[in-house]
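Student: Let us go through the salt bridges here. Please set each value against its definition.

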Amino acid sequence: MTHRMISGENIHVTAIYPGSFDPVTNGHLDLIGRGAKIFDRLVVAVSQNLEKDPLFAVSERIEMLEAVTREWKNVEVDAFDGLLVDYARAEGASVILRGIRAVSDYEYELQMAMMNRKIEPRIETVFMLPGEAYSFVSSRLVKELARLGGPIKGFVPALVEERLRAKVS
Ligand code: PNS
């Protein structure tokens, strides 16, 4: 684990990467890889908040995330409910990591980041850009493709592709 020295103090930065991850895509994984490089500890946190119609149970989403993030030793997978900032505080995190793909993501992300900052000013939201190959990949569209029998290879890890196919068949 790397520790940065800032004015003689050891700074250990935990970041929370929250989301629905229903299911994890290669875009999420790209962002996790980028986050794992700059934060000491990255917790991928699956939201347990009641969602309209999730395809995968939280336990299944966690199982898939754990399998595909095994290569990063500083990445953990967890679930949370309630307010994200409460969870982040409990985890000792000072950063919330979010990915922004296109301008269309910005408005929602801005609202969330500002709201979270208002509730907990000590936690910073950090935005990162996924690789351009993933700039159009979303869990929602991947699920739709899978349901309609379209090609999902390359958008999700192989394990997720299998689980998606099994789920919609
Ligand atoms: O991947 P998603 O579905 O866009 O993730 C949204 C998520 C889970 C990050 C967001 O809904 C969230 O933070 N939920 C937790 C409840 C909360 O803190 N709500 C207030 C946000 S301003």
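**Salt bridges and burial**

Tutor: E60 and K167 form a salt bridge, with 3.1 Å between the closest N and O atoms. This is a predicted model, where local features need pLDDT of at least 70, side-chain atom pairs count only at pLDDT 80 or more, and totals for chains, interfaces and linings use all residues. Residues are numbered from 1 along each chain as its sequence is written, and side-chain values use heavy atoms, leaving out hydrogens and water.

Student: Why is the contact of E60 with K167 called a salt bridge?

Tutor: The term asks for a side-chain nitrogen of Lys or Arg within 4 Å of a carboxyl oxygen of Asp or Glu. The closest N and O atoms of E60 and K167 are 3.1 Å apart, so the pair qualifies.

Student: What makes E60 buried?

Tutor: Its relative accessible area is 19%. Buried means under 20%, exposed over 50%, partly exposed in between (1.4 Å probe, protein chains only). E60 therefore counts as buried. K167, at 34%, is partly exposed.

Student: Why is R61 with D22 called a salt bridge?

Tutor: The closest N and O atoms are 3.9 Å apart, so this pair meets the cut-off. R61 sits in helix α2 (residues 58-68) and D22 in the loop between β3 (14-19) and α1 (26-38). Helices (H or I, at least four residues) and strands (E, at least two) are DSSP runs, numbered from the N terminus.

Student: How do you know whether R61 is buried or exposed?

Tutor: R61 has 3% relative accessibility, so it is buried. D22 is buried too, at 2%.
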